[in-house]
Structure formats: structure tokens, C-alpha cells
Amino acid sequence: MPPGPVPDAAAVRRLRGAVRDVLDSHLEGRSARPTSADDINAAAAAAPVSPRLVVTADGIRGEERWHTEHGGNAALAAIAAEANGLLADNERLGLLRRCANPTCSMLFLAENKRRKWCTRNICGNRARVARHYERTHTDGVGGI
């Protein structure tokens, strides 16, 4: 994440809502709200970035310079740029999945086509534990 001040909470919520709307619309096969794309684009443009070369004692290296001099927030711009990159890449966007746990709201990129859970050790484990419980316990009758 680029250095800089913590973004305003309202701006974070607005960008989060816009990104979620666009991702959900893709998964649900519906159109995103037009304002969602506008909000993502505005956040990305608010703090443009440019590549630059820096000469150090170890040689030349590349880095990015975030242009926040006009009030944009580099952290929100970086998040918006990542969202734009994902949404513009049909191959990566095709890996987007919603967690199979009905109580989880996470989305993830499934590198493995069989992956159903956002995290194996949380949602996946909860599902395995629930299946085991269902197999090994009756409806409260018998046993005692």
C-alpha cells in the first residue's frame, strides 16, 4: 500500500460499496449501478501514479510516485486501480467466486476450479465440522 494518511471513513465505505456492487453484478449476471464505475474511476484518478527511476548506491531501481498534491488519497487510488485491473481482465474475473458458506460475505479468486470456500481453515473447516456433526449425531433421540 502506498504511504500516506489514512483515508476518510466515508470515502472508504463509498469505494467499498462501489467495488462490491460491480463484483456482485458480475457474479449475479446483472448490470452494476452506473455510479459504481464512476466512484471507482474517481478514486483511481484522485491520486494518479507515475513510474520513476531512483539512483541509489546499489544501482538504479524503479518505484512509483503517488501524486497526492491535489488532495487525493493514494491508498484509495491503489485499491481502485486494483479493482479496475481485475474488472478489465476477463481471465482473472472468470476466477471470481462467492464463498459457499451462506453466512460468509467474502469473494475470492479461485485459482483451483474446485475451490468453494474463501478460506479452508475457517469457512471450509466449519462446513466439514457441520457435515461431521450431522453424520454422527441424531435428532436428539437415543444415546442417553
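How much space lies in the largest pocket? It holds about 430 Å³. The model is predicted, so local features need pLDDT of at least 70 and side-chain atom pairs count only at pLDDT 80 or more, while totals for chains, interfaces and linings use all residues. Residues are numbered from 1 along each chain as its sequence is written, and side-chain values use heavy atoms, with hydrogens and water left out.

**Largest pocket**
- A pocket is an open set of points on a 1 Å grid over the protein atoms alone, where a 1.4 Å probe fits, with protein on both sides within 12 Å along at least five of seven lines.
- The volume is the space filled by probe spheres set on the points, which are joined across faces, edges and corners.
- Lining residues, which have an atom within 4 Å of a point, number 19, and V19, L23, I79, E82 and A83 lie nearest the centre.
- Two or more lining residues come from each of α1 (9-28), α3 (74-87) and β4; helices (H or I, at least four residues) and strands (E, at least two) are DSSP runs, numbered from the N terminus.
- The lining has 14 nonpolar (Ala, Val, Leu, Ile, Met, Phe, Trp, Tyr, Cys, Pro), four charged (Asp, Glu, Lys, Arg) and one polar residue (the others, Gly among them).

**D21**
- D21, in helix α1, is buried (under 20% relative accessible area, 1.4 Å probe, protein chains only), at 5%.
- Beyond four places in sequence, D21 is in contact (heavy atoms within 4.5 Å) with R30, A32, R33 and S36.

**N101**
- N101 sits in the loop between β3 (96-98) and β4 (107-109).
- N101 is buried, with a relative accessible area of 11%.
- Apart from neighbours within four places in sequence, N101 contacts W117 and C123.

Definitions and conventions: Buried means under 20% relative accessible area, exposed over 50%, partly exposed in between (1.4 Å probe, protein chains only).
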